[in-house]
Amino acid sequence: MRADVEAAKADIEQSIELLRRRLDWEPALRKLHELNARVEDPTLWDNAAAAQAITRERSQLAASVESVLSIERDLEDALGYAELADEEGDEATLDEARAQLKAIKERAGRAELEALLSGEADSNDAFMEINSGAGGTESNDWAGMLLRMYTRWAQAHGMTVDFLEETAGEQAGIKSVTLQIKGHNAYGWLKTEAGVHRLVRISPFDSAAKRHTSFASVWVYPVVDDTIVIDINPSDVRTDTYRASGSGGQHINKTDSAVRLTHIPTGVAVACQAGRSQHQNREEAWKMLRARLYELELQKREAEAQAMQDQKTDIGWGHQIRSYVLQPYQMVKDLRTEVETSDTQGVLDGDLDAFMGASLAQRVGITREG
């Protein structure tokens, strides 16, 4: 077999071995067998909350096991394809086999990163807030660019994006937006994006064509399901209602029913204006508030609460996690991991996996050999 095919085979097999170790393979298979049996038990749904927890655990474990098994099957098929092509001297077919191995290797690499998403809320949907920094139209436009970037990323990964609140900029872009991004491991991936994002470019709004620096913040927290109990004293929460505002169209229903909740002890505030009634918006805002307070608790456990609060309250120099430079050269660089690329348009179109993967690996402190 050709040397490059052997090398690809060795890399993929190493990934498979790593995935098996992280899953604790044999106990994981036994656990999946037990969960399958419990799901088939007709009495399971006598306790709806417990049933939901069990089916969710079963689905997640089954997906992880099937991911490894499918990589193994596809590797075996591609190697057989390559071996046959090599014996017959069919270079065109061998090139197809190489392409298959490359795709399998990329899939295995992503599966390795998925295996790092073991936090108790990593598999949940995510709320995302984007806020423009100081700078008026420039920063508003940059916040709008980030909104497009994350929407494109989510769609490329089979996730859906719901707009919960949006405040448009006076001339362009947005002042703020709150999204709910729905999909497997949405929070696990997107939590790596929390922080301040810096843009350097020639301003399209400056007739003198000067270079401008703009900032916008991104804040991410998990959607908390009913199995996670967050106790909030209603007397600690101030409720304000106001008329919905925003860009209109398909995302915003302009009504007099928008709701803002402020948790007085922590200063955490959330708002929702997507629903057609105050009742709908109030219910969604309470979900968001519980999620925000849960995220604060997760931060405390990770000893990162102060750093994250600094990122949210000071949208400017010294707190950015990533720089996007469009002028005088093309470069996107993550300041935490040193990952960089000159494909700025690709990044702004939602190609963020390299940045997310590096940040996730750094965050959990696990290397390939670990």
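This is a predicted model: local features need pLDDT of at least 70, side-chain atom pairs count only at pLDDT 80 or more; totals for chains, interfaces and linings use all residues.

1. Begin with helix α1 (residues 3–23) and helix α3 (residues 48–88), whose axes come within 11 Å and cross at roughly 165°. How do these two helices run relative to each other? An angle over 145 degrees counts as roughly antiparallel, and α1 and α3 are therefore roughly antiparallel to each other. Their crossing is left-handed. On the α1 side the contact involves V5, K9, I12, E13, I16, L19, R20 and L23, and on the α3 side S64, V65, V68, I71, E72, L75, L79 and A82. Sorted by class, the residues of this contact are 11 nonpolar, one polar and four charged.

2. Next, look at helix α2 (residues 25–39), which also meets α3: the two axes come within 9 Å and cross at roughly 135°. That angle makes α2 oblique to α3. The crossing of α2 and α3 is left-handed. Residues of α2 in the contact include W25, L29, L32 and L35, while α3 contributes residues including I54, L61, V65 and L69. By class, there are 12 nonpolar, two polar and four charged residues in the contact of α2 with α3.

3. Is V65 buried or exposed? This residue sits in helix α3. The cut-off for buried is under 20% relative accessible area, and V65 has 4%, so V65 is buried. Leaving out residues up to four places away in sequence, V65 touches L23, W25, L29 and L32. Of these, L23 belongs to the contact of α1 with α3, whereas W25, L29 and L32 belong to the contact of α2 with α3.

4. Finally, turn to the open sheet, where three strands lie in the order β6-β7-β8 with antiparallel pairing. Which strands stand at the edges? They are β6 (237–242) and β8 (268–272); each has a single partner strand, so one side of each is left without a neighbour in the sheet. On average, neighbouring strands here are turned by 15° against each other, direction ignored. Between β6 and β7 (residues 258–263), the antiparallel pairing runs over six bridges. To see the pairing for yourself, find Y242, which stands opposite A258 in β7.

Notes
Residues are numbered from 1 along each chain as its sequence is written. Side-chain values use heavy atoms; hydrogens and water are left out. Two strands pair if DSSP finds at least two bridges between them. Helices (H or I, at least four residues) and strands (E, at least two) are DSSP runs, numbered from the N terminus. Axes are lines fitted to C-alpha atoms, for helices over the stretch in contact, and angles run from 0 to 180 degrees between N-to-C directions. Angles under 35 degrees count as roughly parallel, over 145 as roughly antiparallel, 65 to 115 as roughly perpendicular and the rest as oblique. A crossing is left-handed if the near helix is turned anticlockwise from the far one by less than a right angle, and right-handed if clockwise. Contact means heavy atoms within 4.5 Å. Ala, Val, Leu, Ile, Met, Phe, Trp, Tyr, Cys and Pro count as nonpolar, Asp, Glu, Lys and Arg as charged, and the others, Gly among them, as polar. Buried means under 20% relative accessible area, exposed over 50%, partly exposed in between (1.4 Å probe, protein chains only).
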